[in-house]
Amino acid sequence: MSDIFERKINYYETDRMGIVHHSNYIRYLEEARCYFLEQIGFPYNKLEENGIMIPVLNVNCSYKNSVTFEDTIQIEVFVKEFTGVKFTVGYHVTDKKNGNVVIQAETKHCFTNNELKPIALKKHYPEFAEKLNEIKVKEK
């Protein structure tokens, strides 16, 4: 399993200054999170088939360095916190060509049913809850 998601920057994602527009990073985080869940055996479609939704509650992003068209970013994804009802995902984004940190970010989520009512993951999908507990990191 690789927890590193790679993505090449498209021209349309840049702004007038030729750098990636800050709003695009939120999309990159979601792409990396989807990839990560797939890699650990719980892709979004499987979760939704089991009646599990994972809405975003909060996004925190610190911009460190810029990237431009045709650069490739690498996004390391990790579970920072898991309480059973909520979890926090961390992201460490670097520029592949030089290793510079591009952004450091985290997203906070909760688990809900299809009606968006919060649920305890251990009760509704114990295999997924066990996996998140297993891979949760202390500090990154």
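Start at glutamate 70, which is partly exposed, with a relative accessible area of 48%. On this tour, buried means under 20% relative accessible area, exposed over 50%, and partly exposed in between (1.4 Å probe, protein chains only). Before moving on, note that this is a predicted model, where local features need pLDDT of at least 70, side-chain atom pairs count only at pLDDT 80 or more, and totals for chains, interfaces and linings use all residues. Residues are numbered from 1 along each chain as its sequence is written, and side-chain values use heavy atoms, with hydrogens and water left out.

Glutamate 70 sits in the loop between strand 2 (56-63) and strand 3. Helices (H or I, at least four residues) and strands (E, at least two) are DSSP runs, numbered from the N terminus. Check the backbone here: the phi of glutamate 70 is near 75°, a positive value in a residue other than glycine. Most residues other than glycine have a negative phi.

Now jump to leucine 116, in the loop between strand 5 and helix 3 (121-124). Its phi is positive too, near 65°. Is leucine 116 buried or exposed? It counts as exposed, at 54% relative accessibility.

Next, select residues 24-39, which make up helix 1. An α-helix has 3.6 residues a turn, so residues three or four places apart point the same way. Just after helix 1, look for glycine 41, with a positive phi of about 95°.

Stay with arginine 33 for a moment. This residue is buried yet has no salt bridge, meaning a side-chain nitrogen of Lys or Arg within 4 Å of a carboxyl oxygen of Asp or Glu. Which side chain of opposite charge is nearest to arginine 33? That is glutamate 30, 4.3 Å away. (Lys and Arg count as positive, Asp and Glu as negative; His and the chain ends are not counted.) The side chain of arginine 33 does have a polar contact of 2.7 Å with that of tyrosine 91. A polar contact is a pair of N or O atoms within 3.5 Å; within protein, one must be able to donate a hydrogen and the other to accept it, and residues adjacent in sequence count only if both atoms are side-chain atoms.

Follow arginine 33 to threonine 107, one of the residues it touches beyond four places in sequence; contact means heavy atoms within 4.5 Å. Threonine 107 is found in strand 5 and is buried, with a relative accessible area of 2%. Show side chains to see its 2.7 Å polar contact with histidine 109.

For the last stop, bring up the largest nonpolar core, with 36 residues. Such a core is a set of buried Ala, Val, Leu, Ile, Met, Phe, Trp, Tyr and Cys residues joined through side-chain atoms within 4.5 Å. Helix 1 gives the largest share, six residues. Among the residues with the most contacts inside the core is Ile75. Select isoleucine 75, and its contacts beyond four places in sequence include Phe5, Tyr28, Ala32 and Tyr91.
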